[in-house]
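Visitor: I am new to this structure. Could you walk me through how to read it, one feature at a time?

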Amino acid sequence: MAELPREAWITGIGIVSCLGEGLEAHWAGFAESKRVIDTETYAPYIVHPLAPIDFDKQIPKKGDQRQMEPWQRIGTYAAGLALDSAGVKGNKELLGRMDMIVAAGGGERDEAVDSAILTALPKAERPDIFLNERLMNDLRPTLFLAQLSNLLAGNVSIVHGVTGSSRTFMGEESAGADAVRIALARIKAGQSEIALVGGSYNGQRSDVVMLFEFGGYCLKGEFKPVWERAAQPGFAIASLGAFLVVENRAHAEARGATPIARLSAVASGYSDRGQPGAIKDELGRLWAKVVGTLGPGAAVISGATGVATATAEERDFLASHPELPVRATGTLVGHGVEPQMVMNVALAALAVSRGKLFPPNGAFERPMDGPLTQAVVTGVGHWRGEGLGLVEAVGRDAPG
Amino acid sequence: MASIRDKSGRPVVVVTGMGVVTSLAAGKDDNWKKLTAGESGIRSITRFDTTGLKTRIAGTVDFVPVDPLTSPALAGRLADMAAEEAVAQSGIGSKGRFPGPLFLAVAPVEVEWPQRQELAKASGANDQVAYADLIRAASSGKFRHYHERFMFSSVSDTLAQKYGTEGAPISLSTACASGASSIQLGFEAIRRGETNAALCVATDGSVNVESLIRFSLLSALSISNDPPQGASKPFSKNRDGFVMAEGAGALVLESYEAAKARGANILGVMAGIGELADSFHRTRSSPDGKPIVGCMRRALDDAGVTPEDIDYINAHGTSTPENDKMECQCVITVFGEHAKKIPISSTKSMIGHTLSAAGAIEAVVTLMTLEHQRIPPTINYNVPDPGITLDVVPNVARDAKMERAISNSFGFGGQNVSLVLAREPA
């Protein structure tokens, strides 16, 4: 007997952002287009700060929290929410064979140490030796572990017991698209039954404002929705965390899990950004691979950042599908780089599970009244990489 | 004729091209000569002033000029050299068109001290330098090139463009298991039938002052600075930490079917890969060894072989007190009575610990070991550790008849990956 094609369900979601924590807070935040921005701390740059969070609820040991920097706490917290949401928290047997793919950048600098060293270095008699001395004395050993990209996954293993496998993808926005893509491909191919996939970002850091401002990518001045930043392009860096539990349907059914949505397809691309129109063309290729036929209840959840060329070309591309309402989530949750695609797949699953799209922000986005059953998720990196996913209501015909 | 599918019906994955750069040399031939002669690539650091530092040695790759020198720039250059050797040997695709994806193991990327100092100066801040000053300088547009340089995707971007790999390149880190993970991702993609080929590259060029100090503050590094060549002494009683090193390894993986169809020379078979994460501690292995034992067992199961089928172990063997003891105990648990009959050597005794690159470099070395039927030694083995009862191939290379080997990689954050490599079946 031939086996039925394997199907991947999203059975757990853990999200935190400026809008709060969990599905309800995000649904409410999007319903009222709640704007949470900090225009002062990094002025003139705008960031989306993390909502107040009681980390004890998902990271009970203070010792564990002390071993982490904020980006890891955010991620470990969101991962815990996802495991709770899937009903697998504490299930040692299952977590011991759960696969994990994390999309991560690097950790925080100690800004006080960096500033003090930079201040004193020019006056030091022997600058090289002075630097050695200061680093030996001032760097905290634990900070190093907080800076290593794979130590978010490490902390999720320690705090939540996820140990089936552990891979960390880096490389800005592409990391998130590929994390979801590979998790899905492994499940569909029978290489995995259940996976935790996600990541986190701490956007409330001067060092990342500096990093992206090398290229002039940070949003400054007046806040506008992402589609309306042509005059002053840029993304508003966000603190956020997003994790999904993605599971083979039969595995989910066997343990009586309730699906939130189906993760039908994900593809990632890599256009030659030196060529005008390349992003638009790449989105077209990915669309042909991922989307297939859409019904009337379809919409686009866009990861558009507000960065000039990337957002303009995505907008051009989406304009060729005028039947589809579009929502750029970055207007409300901001841009968290590596985990952004995961966040948007989560928000798409949320909307599909409620059967309804949230209200528009800005003129490019038009209202949608009818029921929502399919959401195409875009993720165009600010500098490199494109991603596209399809999230559908469970109960629609399974993909072939 | 050997089967193109394994016992579970999955495509058999083979290696058709390999490249390597270490502090010993560039290229497989010169590395092999030096490894089998028991030479060390560890030296005193001259790249920066080490006055006042506890550790003043490393396996730096000083013969590859990179200007301006940053870790990602050096990592990129080393990765390119290894990839070029691997792709040329495989003869796959055409120039600038590699018919498969790129999986790149690379260290996390950060702005470094020379750039910070440059920004501080450009900011014109006189008294106190704050990050606001650095941001102001960054926003001037004069440092646009640093955006690209310090993106995590910058190294894979350059490689993907040069080799014309397909789709989005994946940059990954599983700490000191990264190299093995890059192979694992390519291996799985071929097994899924997504692609017939994958370019798996792992690189590290991280010997800069802050990285060295960070590892030093964790008390992970050897402080046996004199002579540098004697510092990395895996399995010895007086081992006192690992030695940071640089290098890159690259492997062209292909489905056996596609490789045979194009008449490629088969260098070896990627027979199986095991993985199991550890939830015990951020830098230490679970004292019961279960994750490492489970990892090796999964690799054997995945390859469809028994412990008795393994003829050689290329150890993770970092030369830290804890790793070598734990690895030895776990090998004994997995291999039982057979453990004492299996030669196990640590090529880190000569190359040092190339961190993100180690898993791929050691996979290349292990396949050369099978090819030449000769085992590179564990050098600096002068004070045996009575707690380590394995045959560590002390100090001198040895000929042996081998069909199959296992290569271990373990990393901070509870990362464990084991590869089972084999000769092409007759």
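Predicted model: local features only at pLDDT ≥ 70, side-chain atom pairs only at ≥ 80, totals over all residues.

Visitor: Which strands join E9(A), and how do they run?

Guide: Look for bridges. Strand E1 of chain A, residues 8-17, is joined to E9(A) by 2 bridges, and the two run antiparallel. There, A:Ile10 has A:Ala261 as its bridge partner. Strand E13 of chain A, residues 386-392, is also antiparallel to E9(A), with 7 bridges. In that pairing A:Arg262 stands opposite A:Glu392.

Visitor: Which residues point which way from E14(B)?

Guide: The general idea comes first. Side chains in a regular strand alternate between the two faces of the sheet. Here B:Gln415, B:Val417, B:Leu419 and B:Leu421 point one way. B:Asn416, B:Ser418, B:Val420 and B:Ala422 point the other way. All of them are buried.

Visitor: What pairs with E14(B)?

Guide: Strand E8 of chain B, residues 268-275, pairs with E14(B) in the antiparallel sense over 6 bridges. B:Met270 has B:Leu421 as its partner. Strand E13 of chain B, residues 404-411, pairs with E14(B) over 8 bridges, also antiparallel. In this case B:Arg404 is partnered by B:Ala422. E13(B) and E14(B) form a hairpin with 3 residues between the strands. In that hairpin B:Gly413 takes a positive phi near 85°.

Visitor: How do I read a helix, say H2 of chain B?

Guide: Compare its span with the expected one. H2(B) covers residues 71-90, which is 20 residues. From first C-alpha to last the helix reaches 28 Å, close to the 28 Å expected at 1.5 Å a residue. Then check its cover: 16 of the 20 residues are buried. Finally, see what follows. B:Gly91 comes after H2(B), and its phi is positive, near 65°.

Visitor: How many residues of the two chains are in contact?

Guide: The size of an interface is often given as the accessible area lost when the parts come together. Here we count contacts instead. 63 residues of chain B are in contact with 60 residues of chain A. H8(B) gives the largest share of chain B's side, 5 residues. That side divides into 32 nonpolar, 18 polar and 13 charged residues.

Visitor: What about chain A as a whole?

Guide: Start with its elements: 15 helices and 13 strands. Then take its extent. The C-alpha atoms fill a box of roughly 75 × 55 × 35 Å along the principal axes. For 400 residues a compact globule would have a radius of gyration near 21 Å, and chain A agrees, with 21 Å. Buried residues make up 61% of the chain. Last, look at contacts between residues at least 6 apart in sequence: 81% join residues at least 24 apart.

Technical notes: Residues numbered from 1 in each chain as written. Chains lettered and ligands numbered in written order. Helix = DSSP H or I, 4+ residues; strand = E, 2+ residues; numbered from the N terminus. Expected span 1.5 Å × (residues − 1). Buried ≥ 20, exposed ≤ 12 C-beta atoms within 10 Å, placed from the backbone. Contact = placed C-beta atoms within 7 Å. Nonpolar A, V, L, I, M, F, W, Y, C, P; charged D, E, K, R; others polar. Pairing = 2+ DSSP bridges. Rg over C-alpha atoms; globule rule 2.2 N^0.38 Å.
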